[in-house]
Amino acid sequence: MATTACFIIVSRNDIPIYEAEVGVAAKREDAAQLHQFILHAALDVVQDLAWTTSAMYLKSVDRFNELVVSVYVTAGHTRFMLLHDSRNDDGIKSFFQDVHELYIKTLLNPLYLPGSRITSSHFDTKVRALARKYF
Amino acid sequence: MANFLAQFQTIKNSSDRLVISVEDVSDLWPTVKPAFEARLPFKKASLNNKTRNPVLVETLPAEFILTTDSRLRSRFPQEQLLFWFREPYATVVLVTCEDLDEFKTILKPRLKLIVQNDEREWFIVFVSKAHPANDQASKMAKKVYAKLEVEFSSKKRERCCKYDMHFPEANFWEDLESKITECIRNTLDRRVQFYEDEIRKLSEQRLMPVWNFCNFFILKESLAFIFEMGHLHEDALREYDELELCYLETVNMSGKQRDFGGGERGDDQAAVLNPGNKALTQIVQEDSFREFEFRQYLFACQSKLLFKLNRPIEVASRGYSFIISFSKSLALHERILPFCMREVWVITACLALVEATTSNYNDGLMVPDIEKEFFLLLGDLYSLGRVKFMRLAYLVGYGTEIERSPVNSASLSLLPWPKPAVWPSVPADASSEVLDKEKLILQTTPRAKHFGIQRKPLPLEPTVLLREANRRRASLSAGNVFEIFDSRQGPVEGSGFDASSRMSPQKVHASSMSRTNSSPGNFDGSIDRPMRLAEIYVAAEHALKQTISNQELLKSLSSSEEFEQKYLELTKGAADNYHRSWWKRHGVVLDGEIAAVAFKRGHFDQAAKSYEKVCALYSGEGWQDLLAEVLPYLAECQKILDDQAGYLLSCVRLLSLDEELFSTKERQAFQSEVLRLAHSEMKNPVPLDVSSLITFSGNPGPPLELCDRDPGILSVTVWSGFPDDITLDSISLTLMATNNADEGVKALKSSTAIVLQPGRNTITLDLPPHKPGSYVLGVLTGQIGQLRFRSHSFSKIGPADCDDFMSYEKPAKPILKVFKPRALVDLEAAVSSALLINEHQWLGILVRPLNYSLRAAVLHIDTGPGLEIEKSHIIEMESCACVSQNDDGQGGAQVDSLNYEKRFERLTLDDGKVVFPNWASDTPSVLWVLIRAISDTLCRGSSSGTTRRESIVDGMRTIALKLEFGAFHNQTFERTLAVHFTYPFYVRTRVTDKCNDGTLLLQVILHSEVKATLTVYDAWLDLQDGFIHTGQTDGRPNSSFFPLIISPTSKAGILFSICLGKTNAEEEATKQPESILNIKYGISGDRTSGAHRPFLNESTGVDGVRQELIFKTAITLQRPVLDPCIAVGFLPLPSDGLRVGQLVKMQWRVERLKYLDEKEVSQQSVSLRKQKKEECLLHVRSLDEVLYEVNANSGNWMIAGRKRGHVSLSIKQGARIIISVLCMPLVAGYVRPPLLGLPDVDEANIRCKPAGPHLICVLPPALSSSFCIPVDS
């Protein structure tokens, strides 16, 4: 299990629509902001990388000292970004794929406006469960 | 072989180009040298690369050296093999000869001797000294050259060329160059082959213990050097790459503990671009090299070649990864390296790389994508150097100067502290410095956050420095000091610098105490006592002074100003390059750091600009946590710069951020700032966009529905994002029509102050009448104090200034629907059947609201001509059960009638108006107006033949109604009702029988015209002149039949017996032309169905009393018509038609129909007028003669014969005679035919059968040739 992991879904307008700290490490108060900062900066990398491959899973795109940013880009250019310190590449890929499925289910909700914040607690619970499962 | 390393190095350094030896056989070199050397360096030389593929080398530098030169002579054969790369690559043999014999005897053997050495690549240049004018000499030279060619050139290879000293042939130099190149190529191939073989041999022994990396290195580098000399840089680079791989393998593989290096003075400065930084002999270690120096050396060689290949971008990209990987190696050996050596090395390496690559970089020559990548690498290098520099600065104590922004915090707090074997301790003589530092720490107050934001500053350190430093030191001594220390630090763990600085007053106190107790020199680096922060700083500073050899870097760390300068330079470099590489997020974030420095220095203008960029990025992408960090700074700048609009906007943005990002107190501070500015004098009041803070929407549920021209009240939900109540002095809200954009948008205004509570509020606005259509909410504008604000109805889902957001916006829900004009009310006559004319009747007006309230409606009643309203102006109103006509279901109607409660009210008409009671607002009602239709004419009866339409038109009256209704009487409805009035009866008469005694039975038929029961009480007939009642009665029928009741629309008959009577002279004066039928009747009907009993004032009329009305009608009686006695018939005309000018015979037949006796003649004469009576009798006497007369229009007809005359006709019944008249039509067309009249016989007695034609057709005259006139004449 990763000690630190921060998962963010960024809409195609670069707006974060879902955030979750999914690591097991005792949370530093300021960590959320730092993680946000790192992930936000990694968008620069993603913007270059996303168009060079047809795969959705971009693997680790950026590295920040010990932390690694893995990114998964959906067809609608919604980006799932995970900041983590574990090396479990396969697990992260599966995690992304399962979250993608969850995300699509959310999109299918007629009351959910694409590009708006995902506030569903069900989604949150599921994502956290997936995180526990995979890393 | 490693012993040759030094020699190898010097040889390599001394020779830098290919050598071409010159064998000067005939002492010609001094003469031709200038011409030969002018050809250097060679252009476009074709060489083979390592894979034996031809490569065109642009310029190939070379050097001509005489074989007699000492440089070539003094070499040992062994050396020659080892350092083969410096040996000549070609040998040019310069000869001349003017005599064949001489050639044969002297030159040829000598040349043979020279070229017998197979190792060398040689060729012969025959120099002809012969002047072209001298034919003899030229010929001889040619001959000798021919001989030479025969001797030395072969079919395979041309080895000779001829150089004419005076007039060189045009292609000589090309020939020479190609020959030299050929030689060089061959030599090169051979030597490369040799080195490769050698290297392969060595490689095979790699795993053997005897293997020596130095030997391998010398061979490999020799090969690389050969390529480099041949300007085959690609191949050279590949050799170095292989060398590096091989080296790393040996380093990693061998389990031997080797010296890493890097401990020497000056090693802290990276030598990544300087291969000659240290002599290789210095770094050699046993059979290999020290890693620290040698890896840098290899990289330097590679980058040198890359620069030669003009690939600075590759240098940058290889350099960046080299720095990263080398930094890792440094980290592994950090314990043996000087304090912070790694950080210093990275800084210097980054800066050196940046400098070298940018200076070698030609702007604009690259493909944009590659260029982008280059700037990205530069940005990365700058930012790497920047982070390390900040780390050093923090250690020295400039932590307060470093902005605690997310970027700095993220870079520094995740970066571990340096891990020296022992943390440096305070030098003995540094007590004053420690005091200074302590003072500095005390003086610096943590930067106050604006708006009193109480947020924990972000950390700049991975763990508390105090603890880390002491732990590193304590690990040497007894461990419990650390624990003691830890307990002291416990409560403020993780808070970093601020916490420790907050602690420092107590600690200073403690230390001053200790100073009094002990000697002043006590704290000079005793290991047992934990160091204080100031001591750590001073110790680090001293240690760094030891480490850093670069004066510039030292200077940058010498003071906070210098630090700031360098920090700014690095930050700017990184930001600029990130911007150029389109990594806007990286760039803009660093802009924010520049802004922070500018802010500190007081350059608020510049700071505001940069902060704005950062805020725009974060808010544009909706990263609110990060925005919340920067926005207060921007606001502060704007406040200082007195940019009220910007400041207000920033405050609004702060307020509209997620609520959990700031505490309520902070948010209240933002609001109070907004209010303070709003109520102060603003210089340039600009509308403030508060879309994100005050949002509004229509109420849930269906939109407000209004009818055309109706005003209303609109209720709107407004959300306030302010933490406290806020008073809006006025607001106005625009509505936009969805169907029609260009219509002027009307604003709804509310001038009263509205207090918005935090969260949801409902406000109501007056709505003026709107045009039909549906409307959505537009813009909310309003005023807070002096401040005008506006808000679009964006919800909080996303940032408003994002272009893409519009596409996600929910479709606007209409809030107001104004219907197209439709009938809101219907006015019609309640009763369709006729009312009694000339009587007071209730006119029912059915008022039916169509889903629209008629509260306080006013009805104007205006009567048309022939109609008047009764003077008492009484109006009765009652509710009406007859609901809408459109009710399809019978059931619905029944329910309505069941629930229906009858209401009744008596109203008065005031000035032609009547006001509706409230109960009549929604239900249909009937308004009963008392009116009277006036008709002066007398009703006329008719005989059975005539129609009765006339009377219906007479009874039509109109009444104009105008209803004003709606909340503000804004709606009007006008209608003119036609009301039908009628007499109660319609009378028809008929003589039923003509008795023999001359009595006529006159039957009067009464048709009931009304839907009411009529009761006839009495009826009498006032006869006209010439008729009398039989039996001298008054003409009343037998009264026992009365009262006679007539049901609605049924008939009744009364029979009068009259006879023709004479009149006397007196009566003639008062003679009446018509008979009058008088009927006394009563009526009992319901006003809801039609005619009814006339209304009487209560004073006069008593219920139950029989109300008798008189109906009078005029009847015209005519004398009975006599029987015809003569028939006139028109005989048919010839069938071929009539023509103008053609005679035609008209014929009439006259026939006596009855026998004409005296009595009848006398009776006949009664009908004649008195004055003609005598004459008539005269004619009658000659009974068998009839007077006839033909009347014709003389313009149409010419009559030939008698127009008037007597013809005899027997008096017997059936006598007949034919009267013929010749006529000639004069005009063509349809004309009236001539008519036959009998003047003596009363027309009543003539019967025309068959009747004459009305019009007859006359054809135009036939054409006559005599009228033809030739056209041409």
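# Chain B of a predicted model

User: Which residues of helix α2(B) are buried, and on how wide an arc do they lie?

Analyst: This model is predicted. Helix α2 of chain B spans residues 29-37, and its buried residues are Trp29(B), Val32(B) and Phe36(B). In an α-helix, residues three or four places apart point the same way, because there are 3.6 residues a turn. The three are therefore on the same side of α2(B), within an arc of only 85°.

User: What does the buried side of α2(B) pack against, and which exposed residues are on the face turned away from it?

Analyst: The buried residues of α2(B) pack against the chain B strands β1 (18-24), β4 (62-66), β5 (90-95), β6 (122-128) and β7 (160-164), and against helix α7 (172-204). The face turned away from the buried side carries the exposed residues Pro30(B) and Pro34(B).

User: Is Asp235(B) buried or exposed, and which residues does Asp235(B) touch?

Analyst: Asp235(B) is in helix α9 of chain B, residues 233-253. Its relative accessibility is 4%, and buried means under 20%, so Asp235(B) counts as buried. Leaving out residues up to four places away in sequence, Asp235(B) touches Asn49(B), Lys50(B) and Phe227(B).

Terms used: Residues are numbered from 1 along each chain as its sequence is written. Chains are lettered from A and ligands numbered from 1 in the order in which they are written. This is a predicted model: local features need pLDDT of at least 70, side-chain atom pairs count only at pLDDT 80 or more; totals for chains, interfaces and linings use all residues. Side-chain values use heavy atoms; hydrogens and water are left out. Buried means under 20% relative accessible area, exposed over 50%, partly exposed in between (1.4 Å probe, protein chains only). Helices (H or I, at least four residues) and strands (E, at least two) are DSSP runs, numbered from the N terminus. The arc is that of the directions from the helix axis to the C-beta atoms. Contact means heavy atoms within 4.5 Å.
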